[in-house]
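Hi,

Here is the structure I promised to pass on to you. Please have a look at it first, and then read my notes below.

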Amino acid sequence: MVTRREANLAILSSAVLAAAPGLAVAQTPPTLELPPPRASGGKPLIDALKQRRSMRDYADRPLPAQVLSDLLWAAFGVNRPASGDRTAPSWRHSIEIGIYVTTAEGVWRFEPQGHRLKSHLRGDIRAQTGVQDSAGTAAVNLVYVADGNRMGSTSQEDKRLWAFTDTGFIGQNVYLFCASEGLASVFRGSLDREALARTLQLDRHEFITCAQSVGYPKG
């Protein structure tokens with residue numbers, strides 16, 4: 001008998017495969033290999049800055065695999081393979097921010113080094129990623145999670161300060177990508193972090209900073 005967990009993975013896998021034929025799906029552990037991010041394209045930076053805005057109304061339309069791939073690379077992907085450095089800076093090069101991708105089918109953790117998604121949870125938890133109703137309607141909600149262990153022995157206060165700062169860099173990357181691609185996005189700090197951390201089954205040294213909705217604009 002196929003479980004709901006297995007069925008949801010099959011649904012997401014089928015959707016991604018339909019958008020990007022030939023995409024590999026590993027089952028143990030369940031992993032989706034994203035298509036390579038585009039090496040060029042998009043609007044000029046000045047044009048993207050002019051069009052950057054927060055939008056909370058989303059169409060009922062999923063993101064194609066290539067768009068999701070480019071979005072995650074722009075957010076915090078590897079832009080210098082030789083060193084493993086990223087598209088956004090991080091405090092003392094701690095690279096402490098992880099990105100959880102929530103969709104109608106489940107939750108995935110972005111693995112920048114392999115540019116892939118690793119299955120984390122099944123089921124639709126999008127509404128839990130924010131207090132606004134729109135969080136539950138966006139095609140994707142990115143949940144930014146800091147790993148305090150990567151930040152050394154600095155104080156908890158400083159860990160939170162710099163983790164939130166680094167999240168802001170990533171969030172702006174997402175905003176500019178969305179402006180370039182005609183997508184809607186809003187960066188959100190209003191969410192029940194403790195409840196969401198329990199749902200995501202985070203470790204004690206991990207904490208949620210913010211979340212960000214992404215989707216096609218409604219209308």
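This is a predicted model: local features need pLDDT of at least 70, side-chain atom pairs count only at pLDDT 80 or more; totals for chains, interfaces and linings use all residues.

Residues are numbered from 1 along each chain as its sequence is written, and side-chain values use heavy atoms, with hydrogens and water left out.

Now the cores. Leu 63 is also one of the residues that touch the most other members of the largest nonpolar core, which has 35 residues; the others are Leu 68, Leu 72, Ile 99, Val 101 and Leu 117. By nonpolar core I mean a set of buried Ala, Val, Leu, Ile, Met, Phe, Trp, Tyr and Cys residues joined through side-chain atoms within 4.5 Å. Buried is under 20% relative accessible area, exposed is over 50%, and partly exposed is in between (1.4 Å probe, protein chains only). Two or more residues of this core come from each of helix H3 (65-76), strand S5 (97-102), strand S6 (106-111), strand S8 (140-147), H4 and strand S10 (206-215). H3 gives the largest share, seven residues. Helices (H or I, at least four residues) and strands (E, at least two) are DSSP runs, numbered from the N terminus. There is also a second, separate core of 12 residues, with Tyr 100, Leu 121, Ile 208 and Ala 211 among them.

How do H3 and H4 pack? Their axes come within 7 Å and cross at roughly 140° (axes are lines fitted to C-alpha atoms, for helices over the stretch in contact, with angles from 0 to 180 degrees between N-to-C directions). H3 and H4 are therefore oblique to each other; angles under 35 degrees count as roughly parallel, over 145 as roughly antiparallel, 65 to 115 as roughly perpendicular and the rest as oblique. On the H3 side, Val 67, Asp 70, Leu 71, Ala 74, Ala 75 and Phe 76 meet Ile 170, Asn 173, Val 174, Phe 177 and Cys 178 of H4.

H4 spans residues 156-181 and includes Thr 167. Thr 167 is buried, at a relative accessible area of 0%. Apart from neighbours within four places in sequence, Thr 167 is in contact with Ile 97, Tyr 144, Phe 187, Thr 209 and Cys 210.

On to the charged pairs: the whole structure holds five salt bridges (a side-chain nitrogen of Lys or Arg within 4 Å of a carboxyl oxygen of Asp or Glu). In one of them, the side chains of Asp 70 and Arg 38 meet at 2.5 Å, N to O. Asp 70 lies in helix H3 and Arg 38 in the loop between strand S2 (30-33) and helix H2 (45-51), so the pair ties together parts that are 32 residues apart in sequence. Asp 70 is buried at 5% relative accessibility, while Arg 38 is partly exposed at 39%. Arg 38 and Asp 70 are linked with Glu 181 in a network of salt bridges.

Two further pairs are worth a look:

- Arg 126 and Asp 124 form a salt bridge with the closest N and O atoms 2.8 Å apart; Arg 126 is buried at 12% relative accessibility.
- Arg 80 and Asp 85 form a salt bridge with the closest N and O atoms 3.8 Å apart; Asp 85 is buried, with a relative accessible area of 16%.

Best wishes

Methods. Contact means heavy atoms within 4.5 Å.
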